[in-house]
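Subject: Structure handover

Hello,

Here is the structure I said I would pass on. Please open it and keep it beside this email while you read.

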Amino acid sequence: LAGVFRITGPGEQVARALSAVLVLAGVLLLGVLAKRLTGDGLVAIVVVVVAGLTPWLFELGRIAIEASTQPLLIALLLLWLERTSRLGRYGVAEGVVAGALVGLLTYSYTGSRLLGPLFAGALVVFAGRGRWRFVLSAWGMFLAALVPMAVYAIRHPGALTARYEATTIARDGMSGARVVVQAVANWFHDVNPWHWATAGDPAPYIHNSGYGAFFAAVALLALAGMVLVLRRRRADRWWRFVLLATLLVPIPAALTVDRFNAIRLVALPVFGLVLAIPALDALIAGMRRSWPARIAVAVLTLSIGVQFAEF
C-alpha cells in the first residue's frame, strides 16, 4: 500500500481499491486451482462466481486492512503445493518458494504470526517420508523471512505481542489445562457453519450481522467434499495438507477472547471453498446424467441466490 501511495498519493479509495484487487486476484486463483484439480472449466467458473459473491470475501475486499492479502497468499500456496505434488518435484527450489509464501502469510495479520508456523509444520504432512530437502529448505526460507520481524522484536520489546496480551484467553491465573479446554471450546464455537450462514462477525465495522457471511450451500458442499476426500483421496498428500490446514486455521482465533472474528478467521472461507470443489465436481458431473443431481443443483443455486439477495 505504501508503494501504491508513492505513485498515486494517499487516499481512502486507493487503499480500498488495492484490497479489492488483492481479494479478487485470490478469487481468480481459486478458479485456476479448481480447473487444475478437476479439469472441468465449468467447475472453475462456478468456484470463481461463488467465491466472488461470498459476503465474507466481498467485505474483506472493500476495507483497507492487511488481512486482505490472505486469500491471495493462500491460493498461491495451494497452487504451488499442487504443482509440486502433481510433478513429483520436492526439491530445494520447491521448498524455498513454499517457505517464502508461508513467510509472507505470517506477516499478513497479527493472528498469522501463529498460523504461519503452524502451516510450516504442516508441510511435513504434505511432503511425507524421505523428502527432507523440501521440508528443510522450506523451513530455512521461512526462518529467513522472519528475520525482519525478529529484529523489530529485539528493538521494540513487547510491541509484537501487545495485541495478543490484550486479547488472549490465558489470563487471571488460568492453568494450562484450563486454557487448552477453553481453546478447544472456542475452536468449535468459531467454526459453527450455522452461525456463519446466518449471522457472521458481530463487529459492525466488519460485517452487518443481519445477514450471513458464508453461503449455507457452500458449507454443505465443503462438508460433503471433506467426506469425499476422506473416502477417496486420503492418500493424496496435497489433500491431507488441505484438511490439516483447515483444522489449524481457527487456532489463533480460538486463543483470543473474541468469538466469530471474521478477520482472524479469513482463511476459513478460502479453505471452505477449496473443500467444496470435490463435491461440486461430483454434483456437476451427476447433473449431466441424473435428475436428482439437477434438483440438488437447483436447490443449492436458489439457496445461494436468496442469501446473496439478502446480502
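First, the ground rules. This is a predicted model: local features need pLDDT of at least 70, side-chain atom pairs count only at pLDDT 80 or more, and totals for chains, interfaces and linings use all residues. Residues are numbered from 1 along each chain as its sequence is written, and side-chain values use heavy atoms, with hydrogens and water left out.

Some terms come up throughout. Helices (H or I, at least four residues) and strands (E, at least two) are DSSP runs, numbered from the N terminus. Buried means under 20% relative accessible area, exposed over 50%, and partly exposed in between (1.4 Å probe, protein chains only). Contact means heavy atoms within 4.5 Å.

Helix α7

Start with α7, residues 112–127. How far apart are its end C-alpha atoms? They are 22 Å apart, and this agrees with the 22 Å that its 16 residues should span at 1.5 Å a residue. (The expected span is 1.5 Å times one less than the number of residues.)

The buried residues of α7 are Ser112, Leu115, Gly116, Phe119, Ala120, Ala122, Leu123, Phe126 and Ala127. Look at the spacing of those numbers. An α-helix has 3.6 residues a turn, so residues three or four places apart point the same way. The helices that the buried residues of α7 pack against include α5 (70–87), α6 (92–106) and α16 (267–287). Gly128 follows α7, and its phi is positive, near 75°.

Two helix pairs

α7 and α8 pack at an angle of about 170°, with their axes 9 Å apart. That makes α7 roughly antiparallel to α8. Axes are lines fitted to C-alpha atoms, for helices over the stretch in contact, and angles run from 0 to 180 degrees between N-to-C directions. Angles under 35 degrees count as roughly parallel, over 145 as roughly antiparallel, 65 to 115 as roughly perpendicular and the rest as oblique. On the α7 side, the residues that meet α8 include Gly116, Ala120 and Leu123. On the α8 side, Phe134, Val135, Ala138, Trp139 and Phe142 take part.

Now α5 and α6. Their axes are 10 Å apart and the angle is about 165°. α5 is therefore roughly antiparallel to α6. Their crossing is left-handed: the near helix is turned anticlockwise from the far one by less than a right angle, while clockwise would be right-handed. Among the residues that meet here are Leu73, Leu77 and Trp80 in α5, and Val97, Leu101 and Leu105 in α6.

Helix α14

α14 has 12 residues, which should span 16 Å at 1.5 Å a residue. Its end C-alpha atoms are 16 Å apart, which agrees. Its buried residues include Trp238, Trp239 and Phe241. Among the helices covering the buried residues are α2, α7 and α13. What caps the N-terminal end of α14? Asp236 does: a side-chain oxygen lies 2.8 Å from the backbone nitrogen of Trp238.

Residues in loops

Asp40 is in the loop between α2 (12–38) and α3 (41–53). Asp40 counts as buried because its relative accessible area is 13%. A polar atom of the Asp40 side chain lies 2.8 Å from the backbone nitrogen of Leu42. Not counting residues up to four places away in sequence, Asp40 touches Lys35, Asp281, Ile284 and Arg288.

Phe260 is buried, at 9% relative accessibility.

Arg264 is in the loop between α15 and α16 too. Is Arg264 buried or exposed? Arg264 counts as buried, because its relative accessibility is 11%. Its side chain makes a polar contact with the side chain of Asp258 (3.0 Å). A polar contact is a pair of N or O atoms within 3.5 Å; within protein, one must be able to donate a hydrogen and the other to accept it, and residues adjacent in sequence count only if both atoms are side-chain atoms.

A pair across the sequence

Last, Ala217 in helix α13 (residues 216–232). Ala217 is buried, at 2% relative accessibility. Ala217 and Ser303 are 86 residues apart along the chain, yet their C-alpha atoms are separated by 6.5 Å. Leaving aside neighbours within four places in sequence, Ala217 is in contact with Leu300, Ser303, Ile304 and Gln307.

Best wishes
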